[in-house]
Amino acid sequence: MKFYLLMAVLFCSLQVFAQEGASKESLAYHEYRTKVSVPPYELAKIKKLVAGLKTVYEENDEGHEKMPSNTYNSLSLREKFTYNMIHAEDFSQNCDVFFMQDEHKKIFGHLPDIFGESNWSDRQYNFFKENRDSVMALIKESVLRSKRMGANYKHAIVEINGWEMIPFLISTYNADRKDHDILTVLMLLMEKNKYPAFITSASYTKLYSEQAAYDGYIELNKPNQDLILERADKFYKSKK
């Protein structure tokens, strides 16, 4: 445990060091890619419930806010979707912020953390998996309305292995080619499903092999963008 805490402190320190050298463009892109989407379904009601949650403490826990089971179970599917997307119930030992130099020039292998010292609880992860089709439909509905795919939606797509969303992810990315974490989602889906053409590639070795760093990346350029999109499209067609 001491080793992991030491590594966490060291990692956070490195991020603070990186922040000090980050350009204005890099910091702006960091803010852009860490935005979360806020679903509209009974949002006022859910916000009120979240505001009323009490902090609870468990073993090796620095405190978290979890909705009582009877209240959570009484919510509709759309209300649970809103709650889960804006509030993480479990404590997590993470850095508060994750900065990199030249973040806007990179395609990362992993998505940025979105909830700081919190993470989704088991029942929240289970909700996403047990309501997989509905979750994908609600994410599509939200993205088409807002023209943005928040970091929380991307994490949920990866968590439920939402490969069926690949055509939608590609079309969303191609709308303006600004949100390069959509490319990250595509790679994570190919990695999760062990797509042969991807796991034998140089990109996979650099980003997901045992020697790869968690904050690893490949250069943002048109050949890399096009290659990821092409591979993801072929992966999707191979799954149909």
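## Helix packing around α8 and α10

The axes of α8 and α10 come within 10 Å of each other and cross at roughly 10°. That makes α8 roughly parallel to α10. Angles under 35 degrees count as roughly parallel, over 145 as roughly antiparallel, 65 to 115 as roughly perpendicular, and the rest as oblique. Axes are lines fitted to C-alpha atoms, for helices over the stretch in contact, and angles run from 0 to 180 degrees between N-to-C directions. α8 passes α10 in a right-handed crossing. A crossing is right-handed if the near helix is turned clockwise from the far one by less than a right angle, and left-handed if anticlockwise.

On the α8 side, K154, I157, V158 and E159 make the contact. On the α10 side, D181, I182, V185, L188, L189 and K192 take part. By class, this contact has six nonpolar, no polar and four charged residues. Here Ala, Val, Leu, Ile, Met, Phe, Trp, Tyr, Cys and Pro count as nonpolar, Asp, Glu, Lys and Arg as charged, and the others, Gly among them, as polar.

This is a predicted model, in which local features need pLDDT of at least 70, side-chain atom pairs count only at pLDDT 80 or more, and totals for chains, interfaces and linings use all residues. Residues are numbered from 1 along each chain as its sequence is written, and side-chain values use heavy atoms, with hydrogens and water left out.

### Overall make-up

The protein's secondary structure comes to 13 helices and six strands. Helices (H or I, at least four residues) and strands (E, at least two) are DSSP runs, numbered from the N terminus. Of the 240 residues, 45% count as buried. Buried means under 20% relative accessible area, exposed over 50%, and partly exposed in between (1.4 Å probe, protein chains only). Residues 24 or more positions apart account for 77% of the contacts with a separation of 6 or more. A contact means heavy atoms within 4.5 Å.

### The core and the enclosed helices

The largest nonpolar core has 57 residues. F81, W120, I139, I166, L169 and L186 touch the most other members. Helix α10 (residues 181-192) gives the most to this core, with eight residues. Such a core is a set of buried Ala, Val, Leu, Ile, Met, Phe, Trp, Tyr and Cys residues joined through side-chain atoms within 4.5 Å.

Helix α8 (residues 151-159) is largely enclosed by the rest of the structure, because seven of its nine residues are buried. These are A151, N152, Y153, K154, A156, I157 and V158. Their cover includes α2 (24-33), α5 (77-86), α7 (132-146), α9 (166-176) and α10.

Helix α6 (residues 122-130) has R123, Q124, Y125, F127 and F128 buried. Among the elements covering them are α4 (69-74), β5 (118-119) and α8.

### Two further helix pairs

α9 and helix α13 (residues 222-239) pack at about 160°, with their axes 9 Å apart. That makes α9 roughly antiparallel to α13. Their crossing is left-handed. I166, P167, I170, Y173 and N174 in α9 meet Q225, L229, A232, D233, F235 and Y236 in α13. This contact has eight nonpolar, two polar and one charged residues.

The axes of helix α3 (residues 43-51) and α5 come within 10 Å and cross at roughly 50°. That makes α3 oblique to α5. The crossing is right-handed. L43, K45, I46, K47 and V50 of α3 meet E79, T82, Y83 and I86 of α5. These residues divide into five nonpolar, one polar and three charged.

R78 also lies in helix α5. At 37% relative accessibility, R78 counts as partly exposed. R78 and Y41 are 37 residues apart in sequence and 6.0 Å apart in space, C-alpha to C-alpha. Leaving aside neighbours within four places, R78 is in contact with Y41, L138 and E141.

Most residues other than glycine have a negative phi.

| Residue | Phi |
|---|---|
| N161 | near 55° |
| K194 | near 50° |

N161 lies in the loop between α8 and α9. K194 sits in the loop between α10 and α11 (196-199). K194 is partly exposed, with a relative accessible area of 44%.
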